Amino acid sequence: MSTIAEFRLPAVETTLGTAIEHAAGATFELESSVSKTRPSLWVSGVDRETANAAFEADPSVEEYDLLVETESRLLFDVSFVDETMGLRDELLADGGSLLEMWGTDGWWQVRVRFRNRDTLTDAYDRLEEAGISADLRRVTDVSGVTDNETRLTPEQQEALEAALEHGYFEIPRGISMEELAGELGISHQALSERFRRAYETLVDDELQPAGEQSRAE
């Protein structure tokens, strides 16, 4: 059984605290296909000039390059002075998997999948030892399902199918989340929540059997 934990971490104690402060109202989201050596970050809620100024003002940023610009978001490759986003050593040292990480209004929200609660506890202790005021918001123990089962709700299934049909997962996106929510007749917040719960379910179903197998061996 694996464990998924959701943390709330102050940006000023972790990473990009200055950038987040300078780009008020912006959201910085770690790209899921991030490189091990050069993270990619989606920035939304501000224009390109504001995002550039925020990176310029942050002393932890060594270099940044704009890769993709859409109507609602900007994708940057970012190099840090210490060559890391800082949180990874504390959170992922025991083989944890970073599922999501997004920052806004001075805080990072982070979701990590751990092998079990013991490795979660060890990661939390490392955060405290590093002087990071970690707020553990939610802990979920996840068990696997059989190959023929799915735990997606009909609403989650509908949202994912519509997203795929309209090119939401493409780069650049074929449709914004606001537009997709309109197609489905729901609010942006409701669609975001459906996606988050669906992503969590799919990740758990995909990775849990492999994790159990590796431990059994």
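Colleague: Which residues line the second largest pocket?

Modeller: Keep in mind that this is a predicted model. The general idea goes like this: rolling a probe the size of a water molecule over the atoms shows where empty space is left. Here, the lining of the second largest pocket is made of E6, F7, W102, Q109, V110, R111, R137, R138, E193, R196, R197 and E200.

Colleague: Which elements supply at least two residues of that lining?

Modeller: Those are β1 (2-10), β7 (107-114), β8 (135-142) and α7. For the second largest pocket, α7 gives the most, with four residues.

Colleague: And how do the residues of that lining split by class?

Modeller: You'll find eight charged residues, three nonpolar and one polar in the lining of the second largest pocket. The space inside comes to about 190 Å³.

Colleague: OK, now the other one. What volume does the largest pocket have?

Modeller: Its volume is about 1,200 Å³. A total of 35 residues line the largest pocket, and E29, R73, Y168, R173 and Y199 are the ones that lie nearest its centre.

Colleague: Where does the largest share of that lining come from?

Modeller: From α7, which puts nine residues into the lining of the largest pocket. The elements giving two or more residues there are β2 (27-30), β3 (40-44), α3 (87-92), β6 (97-104), α6 (177-184) and α7 (188-216).

Colleague: How many of the residues lining the largest pocket are nonpolar, polar and charged?

Modeller: This lining has 15 nonpolar residues, 12 charged and eight polar.

Technical notes: Residues numbered from 1 in each chain as written. Predicted model: local features only at pLDDT ≥ 70, side-chain atom pairs only at ≥ 80, totals over all residues. Heavy atoms only, no water. 1 Å grid on protein atoms, 1.4 Å probe; cavity = no way out; pocket = protein on both sides within 12 Å on 5 of 7 lines; lining within 4 Å. Points joined across faces, edges and corners; volume = space filled by probe spheres on them. Nonpolar A, V, L, I, M, F, W, Y, C, P; charged D, E, K, R; others polar.
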